[in-house]
Amino acid sequence: MEELFARTEEKMSNSVDAVKRELARIRTGKATVSLLDGVKVEYYGNTVPLRQVANISVPEARLLIVQPWEKGIIGDVEKSILKADLGLNPSNDGNIIRIPIPALTEERRKEMVRFVHKLAEEGRVSIRNIRRDANESLKKMKTAGDISEDDFHRAHDHTIQDMTDKYVKRIDGVLDAKEKELMKV
């Protein structure tokens with residue numbers, strides 16, 4: 001049973017981390033390196049993450065600088081950023097790519113908040129699915145006679161549910177922080 005609890009907790013923790021990563025990629029009107037995490041660049045026949053072929057920095061609150069390690073790929077990097085459909089307009093001067101981060105309108109902020117809520121709900125659903133799988137495993141253990149009826153109810157009603165509540169709360173906390181960040185002008 002302890003192994004089941006450890007596996008369940010690890011899966012739930014991974015779900016929270018996935019939600020955090022997704023939310024970090026959402027633009028809030030200020031520059032962060034994580035905005036470009038999903039950008040992939042064609043490099044010598046392979047598709048690689050942008051961070052593997054360029055240095056990314058934030059010299060100002062509303063500006064990202066991308067400096068490819070090889071000048072020959074600057075055009076490919078710029079195209080990849082445009083193709084990622086992040087709503088950003090990069091410009092290059094032959095050496096570096098400057099990406100100004102535009103301020104968000106009130107309407108766009110509200111739209112982003114709705115999207116953030118949708119991502120958080122997907123995370124909650126993922127955690128509930130993990131809970132369901134853990135409870136199914138407990139039922140199989142009880143049916144096989146590996147655990148007693150009391151252990152089953154204790155694990156089902158308390159341990160698994162407490163884990164679920166804890167990780168749903170973490171997702172709610174991440175959501176609240178992102179929502180505040182989005183609505184801050």
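The chain holds 4 helices and 6 strands, where helices (H or I, at least four residues) and strands (E, at least two) are DSSP runs numbered from the N terminus. Along the sequence, these elements follow the order α-β-β-β-β-α-β-β-α-α. The model is predicted, so to speak of local features a pLDDT of at least 70 is needed, while side-chain atom pairs count only at pLDDT 80 or more, and totals for chains, interfaces and linings use all residues. Residues are numbered from 1 along each chain as its sequence is written, and side-chain values use heavy atoms, leaving out hydrogens and water.

Next comes the overall form. The radius of gyration of the chain is 22 Å, whereas a compact globule of 185 residues would have one near 16 Å; the radius is taken over C-alpha atoms, and the globule rule is 2.2 Å times the number of residues to the power 0.38. Along the principal axes, the C-alpha atoms fill a box of roughly 70 × 40 × 20 Å. Of the 185 residues, 37% count as buried (under 20% relative accessible area, with exposed over 50% and partly exposed in between; 1.4 Å probe, protein chains only). Among contacts with a separation of 6 or more, 64% come from residues 24 or more positions apart, a contact being heavy atoms within 4.5 Å.

Now for the charges. The chain carries 33 positive and 32 negative charges, and their mean positions are 4 Å apart. Here Lys and Arg count as positive and Asp and Glu as negative, without His and the chain ends; each charge is placed at NZ of Lys, CZ of Arg, CG of Asp or CD of Glu. The whole structure has 14 salt bridges, each a side-chain nitrogen of Lys or Arg within 4 Å of a carboxyl oxygen of Asp or Glu.

Glu111 is partly exposed at 37% relative accessible area, and Arg108 is partly exposed at 31%.

Arg124 and Glu121 are joined by a salt bridge with their closest N and O atoms 2.6 Å apart. Arg124 is buried at 12% relative accessibility, but Glu121 is partly exposed at 31%. In the salt bridge between Lys139 and Glu136, the closest N and O atoms are 4.0 Å apart. These two residues of helix 3 are 3 residues apart, about one helical turn. Salt bridges that share partners also link Glu121, Arg124, Arg128 and Asp172 into one network.
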